[in-house]
Amino acid sequence: MPDNQEQDTFAALERREWAKCDVAQSYAEVFAKAADMVVPHLVAAVCAGPDTRVLDLCCGHGNVSAGLFNTGARVTGLDFSPAMLEMARLAVPQAQFVEGDAVALSFEDNTFDAVTIGFGMPNMPDPPKVLAEVRRVLRDGGRLAYSVWCGPEVDTALGYVFGAIEEHGLPEIALPPGPGANDYADPTIAFPVLAKAGFSDCHQTFVASKWQVSDPGAPFDFFLEGTARGGALLRPQPTTNSAAIRAAVVAKVLAKHGAGPEWDVPIPSVVTSAVVA
């Protein structure tokens, strides 16, 4: 567990966890199989094409950057995780990747035609400030699209895992205060913030992203090994609690999706798009 006040902030937790090579690698290899299903929706939402100048913010291991590059767009990726950037540079060597802070972008005003954010919004301690920065670096008429996992109000592996943590995890293992993981999938939260930042024509698209697994406990493993928030709650659990959490996830998958031997486990998402007003 963090041992000082500076480490115990939401921003520090996100940076610390995503800097771990094993966490970044696990996300890219396994968890992101669901995120990959969302890439075409992000690319289409910003109308990427030949010579479109696109900033892929919170680019992670480069899956959205690859989708953008394949349209002929000129892609710049930015992330705070050196571990993620190393993978992104290998995945899309033709793109430019820079380490940076989404709340203080180093680019000039009106630099880009479009900005994508693939599941980066929940990792940001101050989403309104990020969206203001995105507006600043976009030209007039520029497009933004970002994705966020749906919350437990729908049928989702996220609800299975975090519900099991709430039921079986030690209550003293908790996250530092920060934005809700699914806040910006909610239009009542997202659209007013986008409008205040200078965006209009806000739309949302539901994406039925999912995992195909041969182990009903796989969602537990994916969150344990390949996420910041989930991992920070799961990795410190004592063995007994961890086993109970995984068993609860297994029971939920079997109850919801049958006896197997393979399962399509939903982890749906929302793509939000907007245009510079």
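A: Let's begin with the setting. Among contacts in the protein (heavy atoms within 4.5 Å) between residues at least 6 apart in sequence, 77% join residues at least 24 apart. This is a predicted model, in which local features need pLDDT of at least 70 and side-chain atom pairs count only at pLDDT 80 or more, while totals for chains, interfaces and linings use all residues. Residues are numbered from 1 along each chain as its sequence is written, and side-chain values use heavy atoms, with hydrogens and water left out.

The protein has eleven helices and nine strands; these are DSSP runs, with helices being H or I of at least four residues and strands E of at least two, numbered from the N terminus. Its radius of gyration, taken over C-alpha atoms, is 18 Å, close to the 19 Å that the globule rule gives for 277 residues, so the protein is as compact as a globular protein of that length. That rule is 2.2 Å times the number of residues to the power 0.38. Buried residues make up 54% of the 277, where buried means under 20% relative accessible area, exposed over 50% and partly exposed in between, with a 1.4 Å probe and protein chains only.

Now to the rings themselves. A pair of aromatic rings is described by the distance of the centres and the angle of the planes. Here, rings of Phe, Tyr and Trp (its six-membered ring) pair if their centres lie within 6.5 Å; planes under 30 degrees apart count as stacked, over 60 as edge-to-face and the rest as tilted.

The structure holds ten aromatic pairs. One of them joins F31 and F223 edge-to-face, at 5.1 Å centre to centre and with 85 degrees between the planes. This pair links distant parts of the chain: F31 belongs to helix α2 (residues 21-35) and F223 to helix α9 (residues 218-226), 192 residues apart. Both partners are buried, F31 at 3% relative accessibility and F223 at 4%.

F223 also pairs with W211, again edge-to-face, with 6.2 Å between centres and 80 degrees between the planes. Because W211 lies in strand β7 (residues 210-213) and F223 in helix α9, this pair ties together parts that are twelve residues apart in sequence. W211 is buried too, with a relative accessible area of 2%.

Stepping back, F31, W211 and F223 belong to one aromatic cluster, which also includes W18, Y27, F119, W149, F162 and F222.
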